[in-house]
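Keep the view open as you read.

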Amino acid sequence: MATTFELSGNDHQDPIVSCNYFPLEMERMLDPLVIGRVIGDVIDYFPPSVKMSVTYNSNKHVYNGHELFPSIVTFKPRVEVHGGDMRSFFTLIMTDPDVPGPSDPYLREHVHWIVTDIPGTTDSSFGREVVSYEMPKPNIGIHRFVFLLFKQIKRQTVEAPLSRDKFITRKFAEENELGLPVAAVFFNCQRETAARRR
């Protein structure tokens, strides 16, 4: 519930100024990562501290909850880290928590890409790819594809997972001492019909 504060006018009938104050819980509920169930299904709530931008084909930006077609996401995107400095390093994970389908994701998660040792203020091409990019190919329903950025304690400390399948972001972050993410964004994707590709 929002709390309203009113600043009353003076005796000359100045207008009353009203503003709403939303408690932290309300702010969290309005977070697109909460609405899209990324927080909960993939990661725990975290305070974003670094800006990250994800761009496919030089002009298709990833925004939380927007849909991108498989034909657009065939090749790995450019992921820019707008934070830290050249002495800080980041790990990028791209995962699909909706495998094989969103109504029964019993194979959750499938990891599509992992890049480590990305220096701050650069992009993913400067990092070390430990899991090569695999294009999204959802067969059943609308899948969420999540990009998560973690700050590393130091360089060359993150190991590749044993398998792409049944990947658990939380467990991977814990095993590699990554803590909570510093940034995240996701897009939706579903099987593309021939009519859509035209």
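Q: Over how many bridges do β3 and β6 pair, and in which sense?
A: The model is a predicted one. In it, β3 covers residues 51-56, and K51 stands opposite H82 in β6. The two strands, β3 and β6, pair in the antiparallel sense over 5 bridges.

Q: What is the strand order in the open sheet of 3 strands?
A: β3 pairs with β4 and also with β6. Pairing in this open sheet is antiparallel. The order is β4-β3-β6.

Q: Which strands have one side left without a neighbour in the sheet, and why?
A: A strand at the edge has a single partner strand, so one side of that strand has no neighbour in the sheet. Two strands stand at the edges here: β4 (60-61) and β6 (78-82).

Q: Is S124 buried or exposed?
A: S124 sits in the loop between β8 (110-119) and β9 (128-131). Leaving out residues up to four places away in sequence, S124 touches P77, R78, V79, L92, W113, V115 and I118. Its relative accessible area is 9%, and the cut-off for the term is under 20%, so S124 is buried.

Q: What is the relative accessible area of I93?
A: I93 belongs to strand β7 (residues 89-96). Its contacts beyond four places in sequence include V111, W113, I114, F147, F150 and F172. I93 is buried, and its relative accessible area is 0%.

Q: How far apart in space are I93 and T116, C-alpha to C-alpha?
A: In sequence, I93 and T116 are 23 residues apart. In space, C-alpha to C-alpha, the distance between I93 and T116 is 8.7 Å.

Q: Which residues lie nearest the centre of the largest pocket?
A: This pocket has a volume of about 260 Å³. Its lining has 6 nonpolar, 2 polar and 5 charged residues. Of the 13 lining residues, those nearest the centre are P161, L162, F167, F172 and E175.

Q: How many nonpolar residues are in the lining of the second largest pocket?
A: The second largest pocket has a volume of about 200 Å³. Among its lining residues are D96, V99, P100, H110, H112 and E134. By class, the lining has 4 polar and 3 charged residues, and the nonpolar ones number 5.

Q: What share of the contacts with a separation of 6 or more is between residues 24 or more positions apart?
A: The chain has 5 helices and 11 strands. Contacts with a separation of 6 or more are the ones counted here. Residues 24 or more positions apart account for 70%.

Q: What percentage of the residues of the chain count as buried?
A: The accessible surface of the chain comes to about 11,500 Å², and carbon and sulfur atoms hold 53% of that surface. The chain has 198 residues. The share that counts as buried is 41%.

Key: Residues are numbered from 1 along each chain as its sequence is written. This is a predicted model: local features need pLDDT of at least 70, side-chain atom pairs count only at pLDDT 80 or more; totals for chains, interfaces and linings use all residues. Side-chain values use heavy atoms; hydrogens and water are left out. On a 1 Å grid over the protein atoms alone, a cavity is a set of points where a 1.4 Å probe fits but cannot get out, and a pocket is an open set with protein on both sides within 12 Å along at least five of seven lines; lining residues have an atom within 4 Å of a point. Grid points are joined across faces, edges and corners, and a volume is the space filled by probe spheres set on the points. Ala, Val, Leu, Ile, Met, Phe, Trp, Tyr, Cys and Pro count as nonpolar, Asp, Glu, Lys and Arg as charged, and the others, Gly among them, as polar. Helices (H or I, at least four residues) and strands (E, at least two) are DSSP runs, numbered from the N terminus. Buried means under 20% relative accessible area, exposed over 50%, partly exposed in between (1.4 Å probe, protein chains only). Contact means heavy atoms within 4.5 Å. Accessible areas come from the Shrake-Rupley method with a 1.4 Å probe; for residues, only the protein chains shown count as cover. Two strands pair if DSSP finds at least two bridges between them.
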